[in-house]
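Hello,

The structure we talked about is pasted in this email. Please open it and keep it beside the notes that follow.

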Amino acid sequence: MFDISSIKFDEKGLIPAVAVDACSGRVLMQAYMNREALEKTLATKRAHYYSRSRKSLWRKGETSGHTQEVVSIVSDCDNDCILLRVIQTGAACHTGETSCFFNNRTDFNQIPDAGVLIDTLSAIRERKATPQEGSYTNYLFNKGREKICKKLGEECTEAVIAAMKGNTAELCEESADVLYHLLVLLEECGTDITAVFKVLDERRNKERKRDY
């Protein structure tokens, strides 16, 4: 149970709040909350913030429709910062970017995060909703579940062959194909990768004290 009485608001009655994508872990934005904003967020499970410029409460997406459904709220070790895990609808940034953090970027070791899966899923859904001529994704949906399953099986076999050959680069290529076709199959079956994440999380919690 979240204990709001333990939260340390600053001298202006505010606390910084960081929102991250519940599925990918990608940092989306940072804003501020006062006590009322935090209470409304807890009560509605929709992110509410306090605007320091307008000096008023606002609900994320109230004008843009780009809402944040709150999955969990946790405070840091000193209780002077809040982390929200959210399901973001649309872009988190007012500029239209997925995340507010895109300026002055430096990557010392360019490693894409799990958001790549969510972005790929979004692209698959967009193709399904708005078919385009020549689209391989639309070709798979048009052929149906049996074809998608067959392709997934083929890609899994090719990934195994690459592994047995010891070809790491080829294994990565084939693994990407496996993940792509799996995402298409999940969408075809009316579910998505977030349901798979949930199963893995439940298993992790059950097996926390044992090896997989």
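**What L38 touches**

Not counting residues up to four places away in sequence, L38 is in touch with F2, I4, I7, F9, M33 and I82. This is a predicted model, so to speak of a contact here is to speak of a prediction. L38 belongs to helix α1, which covers residues 35–44. Is L38 buried or exposed? L38 has a relative accessible area of 0%, so it is buried. By contrast, C156 is 118 residues from L38 along the chain, and the C-alpha atoms of the two are separated by 46 Å.

**The whole chain**

The protein has 212 residues, and buried residues make up 31% of them. It contains six helices and six strands. Along the sequence the pattern reads β-β-α-β-β-β-β-α-α-α-α-α. The C-alpha trace spans about 60 × 45 × 35 Å along its principal axes. Of the contacts between residues at least 6 apart in sequence, 48% join residues at least 24 apart.

**The sheet and the hairpin**

Strands of a sheet pair through backbone hydrogen bonds, and the pairing is either parallel or antiparallel. Here four strands make an open sheet with mixed pairing, in the order β2-β1-β6-β5. Which strands stand at the edges? They are β2 (27–33) and β5 (68–75); each has a single partner strand, so one side of each has no neighbour in the sheet. On average, neighbouring strands of this sheet are turned by 25 degrees against each other, direction ignored.

β5 and β6 (residues 82–88) run antiparallel and are joined by seven bridges.

Y50 has L57 in β4 as its bridge partner. The hairpin of β3 and β4 has four residues between the strands, and in this hairpin K55 takes a positive phi near 55 degrees.

**How the helices pack**

Two packed helices are described by the angle between their axes and the distance between the axes.

*α4 and α5.* Helix α4 (residues 145–165) packs with helix α5 (residues 168–188) at an angle of about 160 degrees, and their axes are 8 Å apart. An angle over 145 degrees counts as roughly antiparallel, and α4 and α5 are therefore roughly antiparallel to each other. The crossing of α4 past α5 is left-handed. On the α4 side the contact includes I148, C149, L152 and C156, and on the α5 side it includes L171, V178, L182 and L185. The residues of this contact of α4 with α5 divide into 12 nonpolar, one polar and nine charged.

*α2 and α5.* Helix α2 (residues 115–129) packs with α5 at about 50 degrees, with axes 10 Å apart. The two helices, α2 and α5, are therefore oblique to each other. α2 passes α5 in a right-handed crossing. L117, T120, L121, I124, R125 and K128 of α2 make this contact with L179, Y180, L183, V184, E187 and E188 of α5. Seven of the residues in the contact of α2 with α5 are nonpolar, one is polar and four are charged.

*α3 and α4.* Helix α3 (residues 136–143) and α4 pack at an angle of about 120 degrees, and their axes are 5 Å apart. That angle makes α3 oblique to α4. In α3, the residues Y136, Y139, L140, F141 and K143 meet R145, K147, I148 and K151 in α4. This contact of α3 with α4 has five nonpolar residues, no polar ones and four charged.

**K151**

K151 is found in helix α4. Why does K151 count as buried? Buried means under 20% relative accessible area, and K151 counts as buried because its relative accessibility is 18%. Leaving aside neighbours within four places in sequence, K151 is in contact with Y136, L140 and H181. Y136 and L140 are among the α3 residues that meet α4, while H181 is one of the α5 residues that meet α4.

Regards

Notes
Residues are numbered from 1 along each chain as its sequence is written. This is a predicted model: local features need pLDDT of at least 70, side-chain atom pairs count only at pLDDT 80 or more; totals for chains, interfaces and linings use all residues. Side-chain values use heavy atoms; hydrogens and water are left out. Axes are lines fitted to C-alpha atoms, for helices over the stretch in contact, and angles run from 0 to 180 degrees between N-to-C directions. Angles under 35 degrees count as roughly parallel, over 145 as roughly antiparallel, 65 to 115 as roughly perpendicular and the rest as oblique. A crossing is left-handed if the near helix is turned anticlockwise from the far one by less than a right angle, and right-handed if clockwise. Contact means heavy atoms within 4.5 Å. Ala, Val, Leu, Ile, Met, Phe, Trp, Tyr, Cys and Pro count as nonpolar, Asp, Glu, Lys and Arg as charged, and the others, Gly among them, as polar. Two strands pair if DSSP finds at least two bridges between them. Buried means under 20% relative accessible area, exposed over 50%, partly exposed in between (1.4 Å probe, protein chains only).
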